[in-house]
Each structure stands twice: as C-alpha cells, then as structure tokens.
Amino acid sequence: MGKMAAPVRCVARRILRDCTRKVNVLSTNQATKSIYPANIIVCRFHSNDSEGKSTHFGYETVPEGEKAERVYKVFESVAQKYDVMNDAMSLGIHRIWKDTLLHIMNPLPGTRLLDTAGGTGDISKRFLDYTRSQHERQQRRGVRSQQTLSWQEISNDYSHNDEQGPVESTAVVCDINKEMLKVGKDKAENTGYSSGLSWVVGDAEELPFADDHFDVYTIAFGIRNVTHIEQALEEALRVLKPGGRFMCLEFSKVSNPLLSRLYDAYSFQMIPVMGEVIAGDWKSYQYLVESIRNFPDQETFKGMIEDAGFFRVQYFNLTGGVVAIHSGFKL
Amino acid sequence: MFRISTCGVLPNVLVICNGMTVGAAPFRQQHSSPLESQYDRLYPGHIPTNPIQKALLAVGSGLAALQNPYRHDMVAVLGETTGHLALVRLRDQMKNDPEGSTILRERPRIRLSTLDLAHMATLPDGSFGREYLRFLEENRVTPDSRADVKFVDNEELAYVIQRYREVHDLLHTLLGMPTNMLGEVAVKWFEAAQTGLPMCVLGATLGPLRLSSSRLQTLATSLGPWALRSGRRARCVLSIFYERRWDQSLEELREELDIEPPPLVVTATKEKAAANAETELVS
C-alpha cells in the first residue's frame, strides 16, 4: 500500500458525496474488476504488480508497464514533425476542431487552464488568444457608454490597473514527453507567446499539482495514449476547483457506415504512408490509427467520465463523429 | 513466405488478400500477441504493405525526393516500391551465375564492421581494395549510411536490393567516378542500363537537369555513352563477390567484368568533396 496520497483523498470525497450513486471500483492487483454496492466504500490502491495485466498498444498486446514507455518513444520520434503531420493528416481540419473546443469552453479572462498532454501547446495558445480578445471586448463594452474618448485611450488607463492583477489568464501545459514540450516551447517563443504560459513535465495519471487548483482542465488528443484512463479522470477531478470544467477532445467512433468505411480506408491506407513520406516514420502513425480504433466510443467514454465523479457530462460530435468533445463539471 | 491475414465479418473493400501480406486490415482485426507483431515478419525492418499503399508510397516518395534530393530515405523507398520486376530479373541473373548464386546463399554484407580497412590500406596501389579505400577517404563517405529495406515483400529480393545499395560505392570505384553530381549521374546511367530499376531510370533522366551546361556537355558526349555502353555489356555487378577480390588489380577486374575504363578523369576538388558527400544519390 505504498502510494496512498491520491486514493485517500478520493475515498474521503466519496464518503462526502451522494452515497446512493453506484461506485465503479477498479483494483489494480490480480483480482478482477467488480462493482460494489455503494454502502461498501472500497479504497483503490495502486500496486506495482502490473506485470500480470496487459493492455493494448495499437493492435499489439503489451504488458501494462511497457505501454507508457512505448508511447513515450512514439512521441519522442514524431515531435519535430508533429504539427506538419497534423495539418497533412487532417487536411488542416484539426485547427477547426481545436477552435471549436475553445468556443465551447468560452473562457472568461482570469481563467486558469491546465492543458494536459498539451505537447506542442496548440490549445494553450488558442486559450490565451481567446481570453485576451475577450478581455478587450469587455473593456470595450465597459466604456461604450462614455463615447467622448476612444475606447482605446480609456482602456489604456484601465489596463494599467488590472493587467498585472488577477485578471490575467494563465495556461499550464503539462506533458509527459520532454521532446514535445521542447518543440512547443520553442514554437511559443518564436511566435511571441511568453507571458501566461508555463511548461511542466507530468504524468496525467499522477499530476504534480495541488487539489482544487484549476478552473478548466483540457486534454486534447492525449487521453487515448494514457494507460489507465480512469486514473487520469480521477486526477482531473482532483486538480479542478469546484465548479471547474473538464474538457476532452479526442477521436471517436463514426456512426455513419459509409463515412466510417471511407474514414477507415483513409486512416489505414494514407496515414502511415504520409508518416513515412513526411516524417520518415511509418510505425508511429500506424500506432496512431490503431490507437484511435481501440478507444471507447462516445457513450462509453461519457459513462467513464460520470463514474469518475463529473456532473452534467455531455459530448459534441465533430466531423460526423471522427472527433468528439466531452465535457463535465466538478461540483 | 506469404501470408493471408483474416479480414473481419465486413471486409474492407480496399484490403486485397491476393497472397501478399496484408498489413492494413480494418479495425475488426484481432489483437496479436507481443511475439507476433505485424512488423519484421520476413526480415528485420520489414513493414508489410498492400498494393495501394505501395502505389501511394511510390508517388509520395518520388515527390519528396524530387523536392529534396537529400532525402535518401525517400529515394530508397521509391526504389523498393517500384523495383519488383527489375529485382526479380536481377535475382534470376544472379542465380544463373555461379558466383552470384554463392552470394545469394552466403548473403555477405558490406559494412564497416565486416571490412578490414587496416588490411586494405596495406594493399598495393592499383588494387581494388586500395582504390576503394582511397575512394572512401577522398569523398568522405562510409559504407554504413545505406537505409534498411522496409517495403519489399520477399526476403530474397530484399537482400538483392540491399546488395545493390551496398555495391553502389564499389561501382563508383570500378567506374572511377567521384560522388559529385556528374559522377553520380554517370553511375546512375550505368546502373539504369544494367539493372533496369525504375528508380535508377528516373534518377538518370532527372539527374542531368541539375547539371551545369559544361558538365551536361561532358555527360552527353563522352561519359554518358560510355556508361550506357558499359552498363549494357558488363556482367551483372551484383554477382561479384567483391569481398574476396580486394587484392585483385582494378584493371584486371574491369576487364573481367567487361567495363571500359573511364574516358576522362573526373575529380572532385577538396572543398567540394565535403559537400558532395551529401549529394550521394543512392536508392
């Protein structure tokens, strides 16, 4: 019973919560997964005894302990060409998906964001742009009644007061892979995003942050690479403030059969080829398309998020279900 | 050697199970055990691909290589995906030759670890081994920079194309051509005439476009016809067991292979030698 800090807190939370809710318990020892009635609170403990269990790495079956290392190697090798490949594979549509995530999030200035598996920082940069433009809009509205001076001049007076204050939005980019963070940091510095961003190495299953710290938690195209998704969801719940929002942007199941066939054909024929031609790496992109197929569908994932303790869980399908945004609140 | 993997209940229309290993099945494929990865089935580094993927790879790598000729991996992929017929022909030629069939059996590899450079340095000038060493030093290249074979779906043909890549440097020595653009194009013409690999033919056609007019002149008048003539006449260069012929005199080897000595001496100057080391056009 070595690492007990996170689970003890989660147990305490469970006791305080509504006890009639069914608790789905996962124990990672040799026993099988089982569902207990809510009046027996079982503590989830994390044992290092994962050699017996196996998980999927694309279509391969690997021991659990190995998956994280192999995923690390994949992203280490693709880091340099990651953004180019994203544009090529999705034909630029991934930008629209990420913009939609921000629109649904609709953050106000002063929000604190945790961008998990943030890698090259796409979401965080969009977040900063969005909150800064929202900030300007607010100021403009605030002085609209006073039409004598231009809003710009008046806002300059205001901005001296509150720019350094708590109104500044901050984004923390957290990723387990140092290569991806390095690429993201260089990109941010080259495009002029230095204030309001921090870059932290961390594991989504064990975040290096205090409880109740963030207003919004996002994980974009990262959660399918995590070995224990439920643990990542628990951690998300832990670091969010009450009232905070969990948002996940991830590839999901296409329901339309014709679109599904086209999507499969495109994924399996074109994407590894593009990976080989553009990035010189076939295997990483073969892993990518396989890992998408292994991820649970929209409803199942919604259930997992609810089981972790989020409320008002909903999902939005984009591009016919190729991608889905799941959202939930911590109350 | 070939495997047909099971497609699921609803077969993907684009999965062609015609006897080739199908690596890109639809999502209903079962999970495989860690011992039976889809990779490295025929040889280490093998990635199974279906004909559509090969076609896409050929087009993509061709465009990438044209756009950036320093991408040797793309030239290699182009060679692998387009060279099936030529490789079969080469393999049959090797089989019909006694020395060639020895090579196919013993599978020698030309790598720094297998070459005894110290011994080769002691050989007399004019011997094949000594001239090859001189070539490596002057042009600052190493035999270890060849890409591994990935997309050839036959283990023997994979060796043939690997041998072709490794013999390329030796060909430079045999023909007396340096690794600058002109030398490379001359060697490509020889290879195109000899092997018929589409990648060589493509390189031979497009290579001259990047030459200056004076060099183009040299190519058109003397080097080019010489290379084509020798290529067509010469014995299959892949069938020679070079590793056992280091002591042989270069002239003697040329005569044996029916390669004319080069009509002029093409040299790479010292400053260019460094830059040229990167313009090595090998598949």
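Helices (H or I, at least four residues) and strands (E, at least two) are DSSP runs, numbered from the N terminus. The model is predicted: local features need pLDDT of at least 70, side-chain atom pairs count only at pLDDT 80 or more, and totals for chains, interfaces and linings use all residues. Residues are numbered from 1 along each chain as its sequence is written, chains are lettered from A and ligands numbered from 1 in the order in which they are written, and side-chain values use heavy atoms, with hydrogens and water left out.

Chain B has twelve helices and zero strands. Of its 283 residues, 53% are buried, where buried means under 20% relative accessible area, exposed over 50%, and partly exposed in between (1.4 Å probe, protein chains only). A contact is a case of heavy atoms within 4.5 Å. Among contacts in chain B between residues at least 6 apart in sequence, 72% join residues at least 24 apart.

The largest share of the patch, three residues, comes from α1(B). B:Leu206 lies in helix α9 of chain B and counts as partly exposed because its relative accessibility is 31%.

Helix α11 of chain B (residues 250-257) has B:Leu250, B:Leu253, B:Arg254 and B:Leu257 as its buried residues. Seen down the axis of α11(B), they fall within an arc of 100°, so they line one face of the helix; the arc is that of the directions from the helix axis to the C-beta atoms. An α-helix has 3.6 residues a turn, so residues three or four places apart point the same way. The cover over the buried residues of α11(B) includes α6 (128-139) and α7 (155-175) of chain B.

The loop between α5 (117-121) and α6 of chain B holds B:Ser127, which counts as buried because its relative accessibility is 2%. Leaving aside neighbours within four places in sequence, B:Ser127 is in contact with B:Trp246, B:Asp247, B:Gln248, B:Ser249 and B:Leu250.
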